Every structure is written in C-alpha cells, then in structure tokens.
Amino acid sequence: GETAWLRLAQLAAEADERVEALREVVTSIHASEPMAKVLVFAPLQGFAKATAAVEKLGASLRIVTQVITPGKDQEEAAELVLAFDEPPLEASYKSKCRVLLLAYEDGAGLNLQHGCHHVVLYAPLAGSGHDQEQIIGAVGKEQQSIGRVRRSGQKHPVTVHRIVLDGPEGQPTLDRMLSERNQQDELIKSSTNVGDA
C-alpha cells in the first residue's frame, strides 16, 4: 500500500550509493568549472543521509560545504543564502561555500541565480503512489527548487543533475521511475499552473 511505497522511497533516498554519486557529480562539475557553486536539494526523508554525504564531500574534496537544516534559524539561513548567491571570485572561491544543501521544502522564494547555475537533485521526491494531487505537489517542489537558479538575472545556462540509482545490473528502480515521472511535461505543466487557477 501507500505506506510501503513511501517507505521504499525513503530507503532509496537514504541509499549509501548516493554519497559516491554526489561526489562524482560535483567532481565533474569542478573539473570543467573549477569555481562553480553547486546547490543540492534533498527530500526531508533522507535529509540526514544527504547532510552526511555533503559533509563527507567537503572533507574529501577539501571544499567548503554548508547545510541549511530544515527548521534552521531563519536569520542564519538567510545569511548563508546571501553569501552563497554572491558570484564566485578568483581570489576567494576556495574559502567560500561551494556546495549548499537544502530540503526541497525550504527552497521556495529563494533567489540564487547570481552565484550558481548547477542544481543537484539528490533524490527524487516521492509524493504518493497514486494521489494525483500529491504527485503534482512533489513535481512542483522539484520545479520550484530548480527555479531558485533558473530565474531573471541568471547569466549562464542552468544545468540540473539528477542522482538516479539503478539496480546492480542496470535494472530500473523506484528511483528511476520517480525521476522519470517527475520530469513528465504534463505533470510539470500541472504543477506550475496550480498557482494560476
């Protein structure tokens, strides 16, 4: 049933393989753009694992990473966001935050288009298996998250990196199914038109 579906999605979001996948994504971004900042979004279920992954990433790549924990003091969160949105400068990029982790729920209303044009979706949002409203809500949250950097004032093409885990022999997984579902044009249109109704 529904509970089993959401539990599976949570287990997928907490999979250890994501830690290495995140490292590979950030390493490849920095190989072609050494000063790039990367914005990472993770679901609330699995946020602790994503936090550990970002901290491990910072230690292994020797870069500054920060996490805005859900429910974090608003003033402190706003300061981190403002600093992250500053365009990277040659003189100081190594000492500034290079990877910022947020929960999908905390992305709404943030403007991060000046300092960043890479978004990583750490795990797809599950919503629900069958409830159309919840599915559209999940798709909408992903689109809102991407919209933090894809907005007026962005000077670069925005690249969205989705971490999608497959089975040991390349079998499709719940992860892939959710990711593909969340990228369907029809659902994206529905999720972005909700406010217009």
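Is Asp-166 buried, exposed or partly exposed? Asp-166 counts as partly exposed because its relative accessibility is 34%, where buried means under 20% relative accessible area, exposed over 50%, and partly exposed in between (1.4 Å probe, protein chains only). The model is predicted, so local features need pLDDT of at least 70 and side-chain atom pairs count only at pLDDT 80 or more, while totals for chains, interfaces and linings use all residues. Residues are numbered from 1 along each chain as its sequence is written, and side-chain values use heavy atoms, with hydrogens and water left out.

Because Arg-176 lies in helix H6 and Asp-166 in the loop between E5 and H6, the pair ties together parts that are 10 residues apart in sequence; helices (H or I, at least four residues) and strands (E, at least two) are DSSP runs, numbered from the N terminus. Arg-176, at 27% relative accessibility, is partly exposed. Glu-180 joins Asp-166 and Arg-176 in a network of salt bridges.

Lys-49 forms a salt bridge with Asp-16, and here the closest N and O atoms are 2.7 Å apart. Since Lys-49 belongs to helix H3 and Asp-16 to the loop between helix H1 (2-13) and H2, this pair ties together parts that are 33 residues apart in sequence. Lys-49 is partly exposed at 32% relative accessibility, whereas Asp-16 is exposed, with a relative accessible area of 52%.

A further salt bridge joins the side chains of Arg-162 and Glu-142 (2.8 Å, N to O). It ties together parts 20 residues apart in sequence, because Arg-162 lies in strand E5 and Glu-142 in helix H5. Glu-142 has 0% relative accessibility and so counts as buried.

Helix H5 itself has 15 residues (132-146); at 1.5 Å a residue it should span 21 Å, and its end C-alpha atoms are 21 Å apart, which agrees. The expected span is 1.5 Å times one less than the number of residues. Among the buried residues of H5 are Ile-135, Ile-136, Val-139 and Ile-146. What covers the buried residues of H5 includes strands E1 (38-42), E4 (118-121) and E5 (159-162), along with helices H6 (174-181) and H7 (185-193). At the start of H5, a side-chain oxygen of Asp-131 comes within 2.9 Å of the backbone nitrogen of Glu-133.

Turning to the interior, a nonpolar core is a set of buried Ala, Val, Leu, Ile, Met, Phe, Trp, Tyr and Cys residues joined through side-chain atoms within 4.5 Å. The largest has 24 residues, of which Leu-22, Val-40, Val-99, Leu-101, Tyr-122 and Ile-163 touch the most other members. Helix H2 (17-32), E1, helix H3 (47-61) and strand E3 (97-103) each supply at least two residues of this core. Apart from it lies another core, of 21 residues, including Leu-102 and Tyr-104.

Asp-85 is found in the loop between helix H4 (74-84) and E3. Asp-85 is buried yet has no salt bridge, and the nearest side chain of opposite charge, Lys-37, is 7.3 Å away; Lys and Arg count as positive and Asp and Glu as negative, with His and the chain ends not counted. Contacts of Asp-85 (heavy atoms within 4.5 Å) include Asn-111, Leu-112 and His-114, not counting residues up to four places away in sequence.

Terms used:
Polar contact = N/O pair within 3.5 Å; in protein donor to acceptor, adjacent residues only side chain to side chain. Salt bridge = Lys/Arg side-chain N within 4 Å of Asp/Glu carboxyl O.
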